[in-house]
Amino acid sequence: MDYQIIFNRCHETYRKNREIWEHSRDAYSGGADYIARALVKHVSEIDLEYLERLRRACYFNYPRKIARLITQYLLSVEPQRENADIAAVEDFSRSGLRANEVMRQFSTLLTVYGSAFMFMDMPFFQGEVDAERKKKENLRPGARVLSPLEVPDWAFGEDGKLNWIIIEEEISPDNGPFVPAGKYLRRVLWTRDEFFVFRRLPSAGNIELESCGLNPLGEVPAIRVADPDGFGSDCRHYFEDVVRISEAILNNGSEAQMNIVKQMFGLLVISDTFARGAKMLENSAPGNGSGNGAKPKFSHLLARSAALWETPEERGISRYISPSGADITAIREENLMLKRELFDVVGMPLRNESIQAQTAESKAWDHHQIRQFLVSRVDILEQTEMKMWELFNRCDNTIPIPHVVYNRDFSVTDLSSAVASLLQLSQISDSGEFRRELARTGVFLLEKLKKISPEIKKEIIREIENA
């Protein structure tokens, strides 16, 4: 059988977005390699000048900051998992990552790429399995987050579930410390009934079937999630625009930085008479007296960092010129505007520099916009985790399906104003139920200052009810 088709397969969504995904990944990673890719060379810029600007450039990684902030807000309060298997929660990936950490990975990939996969991994074993062996060898399912770059092809059935999926991995086999390390490419095909592991040999490029087996689940052990605001509407994901705005800030900042350098080390302007005389001297001189035949050199390179010359009628006086400070100020103001628009694009508007000058309606609208964005995203995380627990249960029925509830209260509260309001409200009525409701609100505000364990919170609420 010709297995080459397995390594040639490529989903249309993957084909159309692979370059964009790689660009977003590089922007999230940052570093010198990404700066070399994103920094734009001017038409009139010579190589030496561009290389200097490249070495000086610094990248403010706004794409990573945005992705990290979204995830931090979403999981700022730990999800409630009633009746969950403690071992699975503490090691959700079977590689040491807790459930919260796996979901953080998933949230970040969903932000950066607009789509992500959650895959259920199960170790292979032979023979009978009792409770002692299961605990000793950790024989239970685990969750693994996959970026869309790791899943080149897939297909859905009429029931809305995956029919099959192909996962691509770069494997570095461990052959011991005395054997040189090597790599090879592996693709794993999962269907509802079987799985096949193929590998491409690095030397000859031949493809061979490494292993295969039955899939006892009866369904593909993976979940594909796409951001409904992007690929769900057959549109490109908004993070591509985030990256482009961030690159504009990078290039503007590089220009401002070089303008500061130009102010400190101005551009030399010399008279045309001196330039012509120096050139004549260079052409007529037989050497420099050292015996090696070398001639004196005079640079007449035209560039932003090289010397310019002019005719005596224009000025005739050698001098230094440099950009004005107003140019740098204009660039910095442009970058501040781009930064505000950048965060507003993703629904996370920056707070006004003068919070007192911002109207109450404006602040309420900003907070409402952030809350709605986070609530719509947290629904996706909650549903995805629930589906993973269901897959865990299908694989191992001793793992119960917990009731998972994610936090949806993302209100931004001015605590001092809220506490002052509670104290004023307490003067209105001495009614027991009214005061109990004020006390419940106080517990809510207390949680804004300090995380309260569910047990202590229940005890406080019980005391309020009985007061």
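Visitor: Is Asn 83 buried or exposed?
Guide: Asn 83 counts as exposed, because its relative accessibility is 57%; the cut-offs are under 20% relative accessible area for buried, over 50% for exposed and partly exposed in between, with a 1.4 Å probe and protein chains only. This is a predicted model, in which local features need pLDDT of at least 70 and side-chain atom pairs count only at pLDDT 80 or more, while totals for chains, interfaces and linings use all residues. Residues are numbered from 1 along each chain as its sequence is written, and side-chain values use heavy atoms, with hydrogens and water left out.

Visitor: Where is Asn 83 found?
Guide: Asn 83 sits in the loop between β1 (80-82) and α6 (86-90). Helices (H or I, at least four residues) and strands (E, at least two) are DSSP runs, numbered from the N terminus.

Visitor: What is the phi of Asn 83?
Guide: Phi of Asn 83 is positive, at about 65 degrees, although the residue is not a glycine.

Visitor: And what about phi of Arg 94?
Guide: Arg 94, also a residue other than glycine, has a positive phi near 65 degrees. Arg 94 belongs to the loop between α6 and α7, and with a relative accessible area of 26% it is partly exposed.

Visitor: Turning to helices, at what angle do the axes of α5 and α7 cross?
Guide: The axes of α5 (residues 62-74) and α7 (residues 99-113) cross at roughly 135 degrees and come within 9 Å. Axes are lines fitted to C-alpha atoms, for helices over the stretch in contact, and angles run from 0 to 180 degrees between N-to-C directions. The two helices are therefore oblique to each other: angles under 35 degrees count as roughly parallel, over 145 as roughly antiparallel, 65 to 115 as roughly perpendicular and the rest as oblique.

Visitor: Which residues of α5 and α7 make the contact?
Guide: From α5 there are Ala 67, Ile 70, Thr 71 and Leu 74, and from α7 Arg 104, Ser 107, Thr 108, Thr 111 and Val 112. Contact means heavy atoms within 4.5 Å.

Visitor: Finally, how many helices and strands does the protein have?
Guide: The protein has 15 helices and 13 strands. Of its 467 residues, 37% count as buried.
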